[in-house]
Amino acid sequence: MSSVTVDHVSPGQGQGHDHGHDDHHHAIPSGWRRWLFATNHKDIGTMYLIFSFIMLLEGGTLALLLRTELFEPGLQFFQPELFNQFTTMHGIIMVFGAIMPSFVGFANWMIPMQIGASDMAFARMNNFSFWLLPVAATMLTISFFVPGGATAAGWTLYAPLSAQMGPGMDLAIFAIHLMGASSIMGAINVIVTVLNMRAPGMTLMKMPMFCWTWLITAFLLIAVMPVLAAAITMVLTDRHFGTGFFNAAAGGDPVLYQHVFWFFGHPEVYIMILPAFGIVSAIVPAFSRKKLFGYASMVYATSAIAVLSFIVWAHHMFTTGMPVTGQLYFMYATMLISIPTGVKVFNWVATMWRGSMTFETPMLFSVGFIFVFTMGGFTGLILSVAPIDIQVHDTYYVVAHFHYVLVAGSLFALFAGAYYWVPKWTGRMYNEKLAKWHFWMTLISFNITFFPMHFLGLAGMPRRYADYAAQFTTFHQMATIGAFWFGLSQLLFLYTILRCYRGKGEVAAAKPWEGAEGLEWTVPSPAPFHTFETPPEVK
Amino acid sequence: MKKWWRGILGACVLLFSCAVGAQVRDMPGGPKVDQLNLHEGVTQIAQEIAWLHWMLLIICGVIFLGVFGVMFYSIWAHRKSRGHQASTFHEHLGVEIAWTVIPFIIVIAMALPATKTVVAMKDTSSADLTVKATGYQWKWGYEYIDGPAAGYKFLATLSTPRAQIDGREPKGEFYLMETDYHLVVPVDKKVRVVVTAGDVIHSWMVPDFGVKQDAIPGFLRDAWFRAQKPGIYRGQCAELCGKDHAFMPIVVEVLPQDEYDAWAQEQKKKMAANADDPSKEWTKEELVARGEKVYAANCVACHQANGKGVPGSFPALDGDPTVMGPKDAQLETVLKGRPGTAMAAFAGQLNDVEVAAVITYTRHAWSNAGKGEDPVVQPKDSVAKR
């Protein structure tokens with residue numbers, strides 16, 4: 001961001017609101033009412049973060065069950081029916097329950113504080129969009145216990161396989177509808193807040209990158225969540241109301257589902273990574289003690305990625321057998337995405353170049369993000385080449401690729417952001433030693449888990465298999481060991497963060513990071529219940 | 001701390017060596033032990049793909065080293081603990097244009113050779129032999145459309161015994177990648193595979209050929225290969241298709257032309273000899289014996305060998321009212337399937353003798369024991385119902 005200096009700040013000292021028309025901020029509500037009826041962006045942000053971490057643990061447990069079965073060839077623990085349910089629910093829970101809501105949590109906490117707004121624009125809608133999520137998560141979880149179990153059609157819910165599932169599928173469809181509605185409301189809130197509630201002087205091109213990336217993400221969400229809703233509604237009517245959208249015998253086409261799904265699904269990928277770019281773009285300059293390199297080009301690159309994300313969806317479908325011109329077009333368009341993504345990586349490296357760097361945990365996770373996410377970017381480029389994609393499509397190579405961008409990308413950035421802002425949230429510094437352990441354990445075990453999957457995929461090991469040829473055993477065992485290591489390492493994160501919440505650890509200053517910039521560091525730590533009741537002046 | 005580290009490392013190494021020590025060898029036509037890269041390939045397309053992959057890997061590797069060389073140098077040199085003072089630059093138009101334009105040129109250089117391969121892969125014209133592959137839950141059906149074996153069709157199911165999967169027997173050399181019948185094709189001929197499916201989407205993949213084509217129910221798609229060497233090549237279903245997704249492999253046997261011709265003649269003869277005559281009246285014993293085989297190949301995955309099904313997912317046939325009731329309803333179910341459930345229409349997969357046999361079998365098996373109505377169903381009943 002370019003030169004944000006604050007002229008005058010009144011961080012909720014009480015002078016501002018004696019003539020206010022609204023009186024809800026006179027007392028902080030207490031007990032369960034504070035949370036159920038929450039309208040404060042910080043409380044709602046906290047709830048989002050807690051919810052998404054619980055979902056991360058649930059999805060992670062499912063992943064560990066998968067890895068347990070895959071430790072050896074043969075079926076030892078779970079029959080394939082159940083294994084497929086685990087695969088499917090792992091994907092749905094991680095995407096819609098863990099990664100997406102956690103970014104909304106960050107948006108709730110940080111966007112108003114970064115732009116100098118008093119709260120999110122629509123406080124009650126904010127409450128509603130959060131409380132839809134536990135309902136949806138409950139439906140997903142109980143779907144394991146209905147006849148036939150949870151949906152086992154893969155997180156993509158491809159028709160016509162999804163037409164064969166039991167009532168667990170209907171529960172999943174309704175749950176995804178709810179989560180979609182929640183995301184759309186969250187997105188509207190972000191857009192209105194960012195566009196209307198910036199403090200005087202906070203022009204768009206002075207906004208922190210995190211606000212920019214979230215603004216663009218919010219537009220993506222509004223554009224594509226209804227498309228997903230359409231796709232799964234068509235599955236629902238095919239299942240129960242005699243329509244035949246995806247049934248060739250009734251004049252439908254199973255591939256239509258994939259087109260509609262991936263028209264949502266590809267922008268979804270960027271929905272899960274653009275806010276991560278924003279977090280990293282805040283942290284790298286802070287710990288390099290140097291301004292973000294190429295702020296404007298970062299904004300343009302983010303926009304370019306968002307626009308391109310709408311015109312590349314069928315690269316997920318190269319093996320469905322599309323015409324040669326279609327394959328060529330989607331191959332070229334997909335390769336183009338690597339250019340703005342590359343610009344971002346170059347900008348981060350240039351930001352670090354000739355800075356004055358220190359490596360506290362947020363910086364470690366950010367550097368880890370850049371390093372490992374870029375590997376996922378390269379495998380993405382390799383996958384964009386249609387002939388290679390046809391060879392490795394639906395193999396573990398793809399599994400490796402998207403875990404490199406979603407775990408080493410989104411999740412690492414989330415950890416970086418959590419360590420960076422947890423002093424602001426709780427008023428306590430986290431334990432640096434424990435956090436560094438968390439980083440190194442996570443980084444090493446992540447690579448042990450997912451790097452061997454590239455080899456498996458290249459050798460032709462298909463994904464979503466409960467059992468495999470014995471030649472694949474070594475790499476599967478590495479992956480399983482790594483996965484348990486990775487999973488257990490996350491308990492370290494939980495412990496470290498909970499310590500802060502329980503008021504243990506060093507008291508944090510208003511601005512605990514020497515090189516950090518932005519309005520959020522001008523309010524005390526922990527941030528008071530209400531901040532910026534009178535907007536600060538940004539020069 | 002150091003010792004603890006070594007303990008973990010040692011345990012890992014021990015575990016791996018145990019697993020590898022279990023005398024697993026490279027599978028001919030399938031994966032090698034701990035294979036690191038793509039299959040070498042026995043078609044020009046597969047070899048081109050392997051080449052493209054190497055090219056991209058090298059380009060990406062060079063960029064990777066360049067970018068992260070700079071980053072790690074910076075991390076080493078420009079740190080506060082070394083007393084480095086931060087510069088203030090934060091923009092440079094020239095550099096920013098360069099790192100947009102140069103990657104663009106690199107991407108074009110990658111796209112050009114890939115384009116050539118895409119065009120070659122999609123050209124399924126003027127094939128020497130056409131075979132149709134149909135994915136079913138959970139087996140592949142093959143039919144020779146032309147060539148000396150035209151009209152020959154068969155189902156290929158996994159031949160790995162269940163005992164190996166459940167760990168009651170040691171795993172065989174071709175564990176999970178073997179079928180009872182192979183798709184047989186001649187060497188050095190352009191073989192076009194027309195791919196479709198009977199229920200849900202499957203995907204026909206043989207890595208050594210560089211072929212992976214989704215099988216879409218109700219639609220025909222095609223792919224082609226020209227194998228350069230005789231041999232047996234193995235692949236697996238590559239699109240999630242339900243519970244036995246991992247258990248429907250693809251095995252293709254490439255023969256020299258003369259052996260292929262001889263094989264085709266043999267199949268023709270067998271076809272003539274085995275033709276089932278649906279107008280013949282079969283005895284109960286014949287039908288039950290035949291039906292047991294049909295059941296084992298087509299029904300057992302869902303309804304289970306004991307006829308109890310899988311509660312909540314697949315219904316039991318043992319004691320089922322349709323199986324115990326008049327024959328018409330069961331004929332209807334077997335021939336046309338039950339829309340909206342996993343029960344597929346078998347009219348296209350089973351002939352009338354097989355339909356009659358499997359229905360008669362279910363009416364006599366388990367506790368059903370022929371106690372229901374219409375215990376024996378004749379092939380002519382199936383003909384009438386079609």
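Guide: The model is a predicted one. In it, 106 residues of chain A are in contact with 106 residues of chain B.

Visitor: How many salt bridges does the rule find across the interface of chain A and chain B?

Guide: The rule finds one across that interface. A:Glu514 and B:Lys80 meet through their side chains, at 2.7 Å from N to O.

Visitor: What makes the meeting of A:Glu514 and B:Lys80 a salt bridge?

Guide: The term requires a side-chain nitrogen of Lys or Arg within 4 Å of a carboxyl oxygen of Asp or Glu. The pair A:Glu514 and B:Lys80 has an N to O distance of 2.7 Å, and therefore qualifies.

Visitor: Which residues have the most contacts inside the largest nonpolar core?

Guide: They are A:Phe96, A:Phe369, B:Tyr144 and B:Trp204, in a core of 279 residues. The element that gives the most to this core is helix H13 of chain A, residues 396–426, with 21 residues. A second, separate core has 23 residues, among them B:Leu317, B:Val323, B:Leu335 and B:Tyr361.

Visitor: What does A:Phe96 touch, not counting residues up to four places away in sequence?

Guide: A:Phe96 touches A:Pro101, A:Trp155, A:Ile176, A:Met179, A:Met225, A:Leu228 and A:Phe264.

Visitor: Why is A:Ser410 called buried?

Guide: Buried means under 20% relative accessible area. A:Ser410 has 1%, so the term applies. This residue is found in helix H13 of chain A. Beyond four places in sequence, A:Ser410 touches A:Ile99, A:Phe103, A:Met272, A:Ile273, A:Ala276 and A:Val405.

Visitor: Why does B:Val42 count as buried, although it lies in a loop?

Guide: The relative accessibility of B:Val42 is 4%, which is under 20%, so the residue counts as buried. The loop in question runs between helix H1 (2–20) and helix H2 (44–77) of chain B. Leaving aside neighbours within four places in sequence, the contacts of B:Val42 include B:Asp208, B:Phe209, B:Arg226 and B:Tyr233. From B:Val42 to B:Val323 there are 281 residues in sequence and 49 Å in space, C-alpha to C-alpha.

Visitor: A:Arg289 and A:Arg354 each have a positive phi. Which of the terms buried and partly exposed applies to each?

Guide: A:Arg289, with a phi of about 55°, is not a glycine. Its relative accessible area is 18%, which is under 20%, so A:Arg289 is buried. A:Arg289 lies in the loop between helix H8 (274–288) and helix H9 (295–308) of chain A. A:Arg354 has a phi of about 60° and is likewise not a glycine. At 40%, A:Arg354 falls between the limits of 20% and 50%, and therefore counts as partly exposed. A:Arg354 is found in the loop between helix H10 (324–352) and helix H11 (361–384) of chain A.

Visitor: Where are cis peptide bonds found in chain A?

Guide: One joins A:Ala159 and A:Pro160, with omega about 0°. A:Pro160 lies in the loop between helix H4 (123–142) and helix H5 (167–196) of chain A. Another joins A:Ser525 and A:Pro526, with omega about -10°. A:Pro526 lies in the segment after helix H15 (473–501) of chain A.

Visitor: Why are strands S4 and S9 of chain B said to stand at the edges?

Guide: The open sheet has the order S4-S10-S9 in chain B, with mixed pairing. S4 (183–186) and S9 (231–235) of chain B each have a single partner strand, so one side of each is left without a neighbour in the sheet. Neighbouring strands of this sheet are turned by 25° against each other on average, direction ignored.

Visitor: How do you know that S4 and S10 of chain B are paired?

Guide: Pairing needs at least two bridges. Four bridges join S4(B) to S10(B), residues 250–255, so the two strands pair, and they run parallel. B:Pro186 has B:Leu255 in S10(B) as its bridge partner. Helix H5 of chain B, residues 257–274, lies across S4 and S10 of chain B and runs at about 135° to S4(B).

Visitor: What makes strand S8 of chain B mostly covered?

Guide: In S8(B), residues 221–225, four of the five residues are buried. Five bridges join S8(B) to S5(B), residues 191–197, in an antiparallel run. B:Asp222 in S8(B) is the bridge partner of B:Val194.

Methods: Residues numbered from 1 in each chain as written. Chains lettered and ligands numbered in written order. Predicted model: local features only at pLDDT ≥ 70, side-chain atom pairs only at ≥ 80, totals over all residues. Heavy atoms only, no water. Core = buried A, V, L, I, M, F, W, Y, C linked by side-chain atoms within 4.5 Å. Buried < 20%, exposed > 50% of the residue type's maximum accessible area, 1.4 Å probe, protein only. Contact = heavy atoms within 4.5 Å. Axes fitted to C-alpha atoms, helices over the stretch in contact; angles between N-to-C directions.
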